[in-house]
Amino acid sequence: MTSDSYETRAEVASTFAVHVLPVGPVIGFKDADTVGEAALTAEVLRRLGGEAVAPPLTGGMVQSLTDADEALAHWAGEHDDGNSQCPSALLWFGHGRVSRMGSVLLVPGSKKRGNTRVTPEMLAHYVHADQLRRNHDETHWSLVVLEACNSENFASDLASLFNGTRQERTRSLLLIATGKPSAQGYLGTFRTVLEKFLSTKKTSHDIFNLRELQGHFKSHQCYAELVGDETGVELALAVHDRVPLTGATTMAEVQRQQRRYDEAPEAWPRRSTPHKAFLEMVPDFTGRTAPLRAIAEWCAGDAEAAVLAVTGAPGTGKSALLGEALLRWSQPARETPEGTSDPSDIGDPVEEAHRPGAPPPPIVAVLPLTGSTAADVVRQLAKQLDVPPADAGQEELDGDGAALDAVRWHLTQLTGCSSEGDSTPAEDGQASDDAPATGTPMRALIVADALDEARDPFRIAALLRELTTVPGVRLIVGTRPTRYPVVPSAQPSAGGSGDLDLLGVLGSASRHARVLALEPDPSAARAYAERKVRGILRNHFPGDTIWHETVTYTVASAVEGHVRDGSWQFLQASLVVQEIEQRPTLLAPGPDERAALAAMLERDQSGLFRAAVQRITTGLPAAEPLLRALAWSHGRGLPLADGIWAHAAAGIAETDAPIDDEQLELFLNRAAAYILVDGEDRRSVYRLAHRTYAEQLVGDSPPKGRFDMFHALLELAVSQVESGQPLSPHLATRLAEYAADCGAAGWEALAARPTVVDQLPPASLSSLALTPRQGAGIAPADLPVEILGTVASAHLIKESDPGDRPGLRQLGGLRATGLPHPTGSSADWEVAWGRLQHVPLHLQLGGSPSAITAIAARADAPWLVTGSLDGSVMVWEPWRDHHPTALLSESESPVTALAASGTPHKDSGEGGSGTGLVAVAHADRTLRLWDTGVDRHTPGYAVCTESVRVIVPLADGSRRFLLGGESGYLALLDPDGALSPAAEAVAPRDVVGLGSVRRIL
């Protein structure tokens, strides 16, 4: 979330006044039903909270200049009738033309004089009066719509009266005109274009402002201009007849709920999520009784484990399980898939633990972690815990520091553990037992999901684990056991498999974390398939009960068999059902249909999704780029708002115009089961329903499409900046990441647009620039000067005004590279000449959850190895990834010394740049020898008679190590783990340094 998100800077207008002014018949023009169109338009605006205000007009229409004057005065608040306490819309329906004196709007006159005229100056008088009325409240706005012949010229003349340097200034005024110059105005244009815009708002979670509305009308070739200034706090708008977004759910489910609402809106429960973020919600959740009960018991009891890690293979339903638990805690009695109100048809273990009279868990934060950094998580926590901005800080470059301290302090206040000593972090590098005190009741629960899909999973895991050291704070988190590889590496990892044991980071090796592993549930998969297939048959093939049972048995048995033998997970069972829902003829009794059903049920995991993609894309060219755009969005999705998704897909398709609304609507209908609707910045965000889908699409996509998508979004950002508007929230927070995904080409393209660079948050831009990307092929020092200048001056930019940013960027460029570069057109000042001391870039790695006590590195190798106070050992490749590539942990005793041979095993298949064997000494006098070239290696183990303080690899290529320690202790460690101590100490004093040299003859 960004600091300028709509959620923090704007509330939603619950109502606004609608003044409609339909003009009666005028001489020389064909009569038009302006009264009818005014009523229809007012009804559309009612969906946004618009309330029609009865105009002071006889017959409900403007029939004279006096009528026009009175109605405009009424809108501008000159009648002082109480309508001035909210935003307003003025809609004029009639005719206009260009006279020798300029553009005018026509109103009926006398037979003798003919038509009379409303001039831009006359309307400007009332616009100014409306401005004076609104001066006391910066959240109010005005919308003026002119639907008349030649209204575009009239609107342009009206705007010019306010835009001059000596003219009266206006603010928060959107002026829309639908009549072209010297042409007829087509009655109904405003309403039609507005209805198209509202159709893109799928839930009541979507809000929008005047500028977004302006952009939509401009894209439909209407005159639409924001006149004057914007306050930035204008009340936003939302569609009131859309269903609420209560969680991340499929587009198919949103459509189903909307149909039910449209049938009986008065009976619809207007509930919104009680939490401040969304997890995935599955409306027909089936099975998982034992895991739900385990979650409930862990929450209700005084367990020693402060962390509950829900894990399992891709597609087993980790996210669905957490979403279901969250839903049951917040809505104990709800409608079941069959339409009956029942607590649960599976025993409802969560509710059994939290029945009426027993409060649900004290959930203080819900964290969807897909694509997140540690800084993102700190910001989410600060926001959900209501940490004041002054405490949370504006932007922490490393996601830590003062903001995290404020979050920790607020948690101690929530749990009542704020007294001195209750939750003070370990000081001076001393170890502390981070397990919760036995018997400590849970007072604050953090629910997180998709840790493995985070951009910075290691640091986030360490950060969340550290927060659970506050007594009473617990964490339940969904994750795969190892990190998801966001960008496949072009070269083998120096650390072997490169898998990071996230469960180990969370504390699974100690009593701090408990692991709840989800196993395949073939019985639940069968029950789910049976229920869904029977429902489809009832709707599409009533009667013939014998065939119903036959085909239901066929599908259910196939699903159960695949899940039982491990070839499918629950995800694939759901995918089969979704395909049948889209193609119900698969259940028909004909021979062709039976064959098609059998073929689908025989497909493997990738084949099922590939067949679904083929169905979705057939005859719809826009579908494939729309899918690929979501796959490249790091799992966080793309909003429809501001044309983000449409422009991204158009870039991939290499078309100039964005994908239009009709194609998007058709695509959403076809792919409804595979698209999740989520929420971000009070806008609906669309993402693929499962990471597995994204993995398959990315694997099948040419790399060039990623750059094409980024370039299209970059050009959209340029157009926003050049029009004087702020960047869309999605572009502000994600554009630099899309550039980083493209490596050198992406950074160079972004740097060529310095006005956009100067709109991006400097903290996240710096983090991305200094974070190596696997396969990106560029080191931070090789970045363009515009990017390096922002990085070098980020600490100054963060505290500066916008006009200072280009100059500070230029100054930072001089410090980082010694090279000058242009500031651009938006600079208040620039550096004319400079010679500054070079400041080398430095990279802060992802960090250890504990103090670093030992390190091994080699100048000619791309790796380093660290040991920590908590006994963990990490392998790093800093210029490929600033997270560890391997975590080696089997002891909780502090690491006292370590070394890496740098020579891999002959059978490991690596080159000569790996870490090879890693020898580790612990404070409890134990030794462990790890072979990092072997997956899931069990380390060699030995015990020393003295504490080892230093280890060095021998230089003879034997892969042996020399150990030194207290009381003159010396020993050789062989590659097989055999320890050969020296017969006697070389000296009575401790050995603090060793060196390995070849024999000199």
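Start by selecting Phe-609, Tyr-674 and Tyr-693: ring pairs link these residues into a cluster. Rings of Phe, Tyr and Trp (for Trp, the six-membered ring) pair if their centres lie within 6.5 Å; planes under 30 degrees apart count as stacked, over 60 as edge-to-face and the rest as tilted. Before going further, a word on the model: it is predicted, so local features need pLDDT of at least 70 and side-chain atom pairs count only at pLDDT 80 or more, while totals for chains, interfaces and linings use all residues. Residues are numbered from 1 along each chain as its sequence is written, and side-chain values use heavy atoms, with hydrogens and water left out.

**The ring pairs**

A search of the whole structure turns up 11 aromatic pairs. Select Phe-190 and Phe-217 for one of them: the ring centres are 5.2 Å apart and the planes sit at 15°, so this pair is stacked. Phe-190 belongs to helix H6 (residues 189–199) and Phe-217 to helix H7 (residues 210–219), so the pair ties together parts that are 27 residues apart in sequence. The helix and strand labels on this tour are DSSP runs numbered from the N terminus (helices are H or I with at least four residues, strands are E with at least two). Are Phe-190 and Phe-217 buried or exposed? Both are buried, where buried means under 20% relative accessible area, exposed over 50% and partly exposed in between, using a 1.4 Å probe and protein chains only.

Now go back to Tyr-674 and Tyr-693, which are both buried. Here the ring centres are 5.7 Å apart and the planes are at 65°, so this pair is edge-to-face. Tyr-674 is in the loop between H24 and strand S21 (675–680), and Tyr-693 is in helix H25, so the pair ties together parts that are 19 residues apart in sequence.

While you have rings on display, pick out Trp-298 and Arg-474. The charged end of Arg-474 sits over the ring of Trp-298, 5.4 Å from its centre; the test is that NZ of Lys or CZ of Arg is within 6 Å of the ring centre and within 35 degrees of the ring normal.

Next, select residues 605–617, which make up helix H21. H21 has 13 residues and reaches 19 Å from its first C-alpha to its last, close to the 18 Å expected at 1.5 Å a residue (the expected span is 1.5 Å times one less than the number of residues).

Then jump to helix H8, residues 251–263. Among its buried residues are Met-251, Val-254 and Tyr-261. The buried residues of H8 pack against strand S12 (249–250), H24, S21 and strand S22 (683–688).

**A loop stop**

Select Leu-836, in the loop between helix H33 (805–817) and strand S23 (852–857). At 40% relative accessibility, Leu-836 counts as partly exposed. Leaving out residues up to four places away in sequence, Leu-836 touches Leu-811, Leu-814 and Arg-815.

Two strands pair if DSSP finds at least two bridges between them. Strand S29 (residues 926–931) and S30 pair over four bridges, and Arg-928 has Tyr-941 in S30 as its bridge partner.

Another open sheet of four strands runs S31-S32-S33-S34, with antiparallel pairing. Its edge strands are strand S31 (948–953) and strand S34 (979–981), each pairing on one side only. Inside it, find Gly-964 and its bridge partner Leu-970 in S33.

**Zooming out**

Finally, show the whole protein: 33 helices and 34 strands. Buried residues make up 56% of its 1001 residues.

How values were computed. Contact = heavy atoms within 4.5 Å.
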